[in-house]
Amino acid sequence: MKSLVILISGRGSNMQAIVETAARENWPVSIAAVVSSRPDAGGLGWARERGIPTETVDHRDYASREAFDTILAQCIERYSPDALALAGFMRILTNDFVRRFEGRLVNIHPSLLPSFPGLHTHRQALEQGVKIHGCTAHFVTAKLDHGPIIAQAAVPVLGGDDEATLALRVLAEEHRIYPWAIRWLLEGRLVVEKGVVRVKDVDASNTAASSQSRISVGS
Ligand code: GRF
């Protein structure tokens with residue numbers, strides 16, 4: 001049985017998608033813990049109700065990023081995770097932390113990387129007028145939002161979209177592709193060669209998804 005730790009900071013809908021997909025598909029995995037950087041994260045209650053151990057390492061209790069990451073890493077290590085999934089975890093991690101978990105540490109980012117790293121990705125997409133937007137499941141490396149890409153899903157940007165409508169369309173795809181990426185990681189099927197991920201026994205086209213069979217250009 002593999003062990004997975006999920007890190008959240010907020011409502012935790014990606015966490016829910018991972019937990020529910022794992023249960024539905026009978027993954028041989030134990031959700032060892034959900035760890036939050038905020039005591040008021042909505043996702044904590046959801047996890048507790050399902051009997052998943054929860055922990056909070058409140059970033060406001062630590063004077064520096066290094067101090068926070070040291071305690072966070074100690075908290076995570078107690079669960080000896082095979083994989084560590086950032087799911088709306090809103091803290092930038094130190095290089096030491098990333099190195100410690102590199103290869104086991106993945107993230108879901110709400111844009112088609114390498115476009116729009118960082119925050120406010122939906123706003124950036126609207127401001128740039130892109131016609132296709134989406135999300136990326138990727139390995140975490142020291143450079144923020146630049147790790148090897150595991151899977152991506154695209155959605156159209158429609159004429160009347162604002163940040164909220166676009167975020168919702170992207171979120172539905174996050175919930176679809178992030179569990180795939182974590183499952184492949186736990187199954188040992190992700191091979192990284194020169195920064196490029198190959199998924200063993202999966203056709204490359206299955207690491208890409210779109211919310212509609214036809215991506216509309218314009219609207
Ligand atoms: C998601 O859009 C995720 O990609 C981004 O923050 C949001 C978190 O949502 N990093 P949730 O907490 O998983 O519902």
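**A tour from the ligand outward**

Start at Asn14: a polar backbone atom of this residue is 2.9 Å from an oxygen atom of the ligand, a polar contact being a pair of N or O atoms within 3.5 Å. The protein buries 84% of the 360 Å² that the ligand exposes when taken alone (Shrake-Rupley method, 1.4 Å probe). This is a predicted model, in which local features need pLDDT of at least 70 and side-chain atom pairs pLDDT 80 or more, while totals for chains, interfaces and linings use all residues. Residues are numbered from 1 along each chain as its sequence is written, and side-chain values use heavy atoms, without hydrogens and water.

Next, select Gly12, where a polar backbone atom lies 2.9 Å from an oxygen atom of the ligand. Then show the side chain of Arg11, which has a polar atom 2.5 Å from a ligand oxygen.

Now select the residues around the ligand: Arg11, Gly12, Ser13, Asn14, Gly88, Ile108, Pro110, Leu171 and Glu174 (a heavy atom within 4 Å). By class, this shell has 3 nonpolar, 4 polar and 2 charged residues; Gly counts as polar, Pro as nonpolar.

Colour helix H1 (13–24) and helix H6 (163–186), the elements that give two or more residues to the shell. Helices are DSSP runs (H or I) of at least four residues, and strands (E) of at least two.

Zoom out to the whole chain. The protein chain has 6 helices and 10 strands. Along its principal axes, the C-alpha trace spans about 50 × 40 × 35 Å.

Definitions and conventions: A polar contact is a pair of N or O atoms within 3.5 Å; within protein, one must be able to donate a hydrogen and the other to accept it, and residues adjacent in sequence count only if both atoms are side-chain atoms.
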